Amino acid sequence: MATTDAQVERVRELVAAIPPGRVATYGDIAAAAGLSTPRTVGWIMRTDSADLPWHRVLRADGTPAPHLVGRQLRQLAEEGCPIRGDRVDLAAARFRF
C-alpha cells in the first residue's frame, strides 16, 4: 500500500513535536501515526526530513543509524540528551506522544 500525503504530513508533525533533549524511535512515531511499520517512518525521514529535527529519531535500541552516529550523537549531546556510550538513554530521554 502506498504512503499517503496525509501519512507523510503526520510523521512530519510528530517529528517536529519532539522537543530538544528528547528523542523518539521510528516505532514510537509509527505507532503514533497509525502506520503498520517503522520502516515507513524511516523512508519518510530519508526522503523528507531536511527541515525537521531528524537527529531526535533513533532506532529501537537507542542507537543512531551507523552512517550518522557521530553527527547525531553530537547534536543530541549539545541539546542535553543523556547518552550512554554509543546510544541514548531511552528511559530518560524518550518523548511520549
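In α3, the buried residues are T40, V41, G42, I44 and M45. This is a predicted model.

**T40 in α3**
- T40 lies in helix α3, which runs over residues 38–47.
- T40 has a relative accessible area of 17%, and it counts as buried because the cut-off is under 20%.
- With its neighbours within four places in sequence left aside, T40 touches T3 and L35.

**Packing of α3**
- Against which elements do the buried residues of α3 pack? They pack against α1 (5–17), α2 (26–33) and β2 (57–58).

**Helix α1: length**
- Helix α1 has 13 residues, so at 1.5 Å a residue it should span 18 Å.

- V8, V11, R12, L14 and V15 are the buried residues of α1.
- These residues cover an arc of only 165° around the axis, so they sit on the same side of α1.
- An α-helix has 3.6 residues a turn, so residues three or four places apart point the same way.
- The exposed residues D5 and A6 are on the face of α1 turned away from its buried side.

**Packing of α1**
- The buried residues of α1 pack against α2, α3 and β2.

Methods. Residues are numbered from 1 along each chain as its sequence is written. This is a predicted model: local features need pLDDT of at least 70, side-chain atom pairs count only at pLDDT 80 or more; totals for chains, interfaces and linings use all residues. Side-chain values use heavy atoms; hydrogens and water are left out. Helices (H or I, at least four residues) and strands (E, at least two) are DSSP runs, numbered from the N terminus. Buried means under 20% relative accessible area, exposed over 50%, partly exposed in between (1.4 Å probe, protein chains only). Contact means heavy atoms within 4.5 Å. The expected span of a helix is 1.5 Å times one less than its number of residues. The arc is that of the directions from the helix axis to the C-beta atoms.
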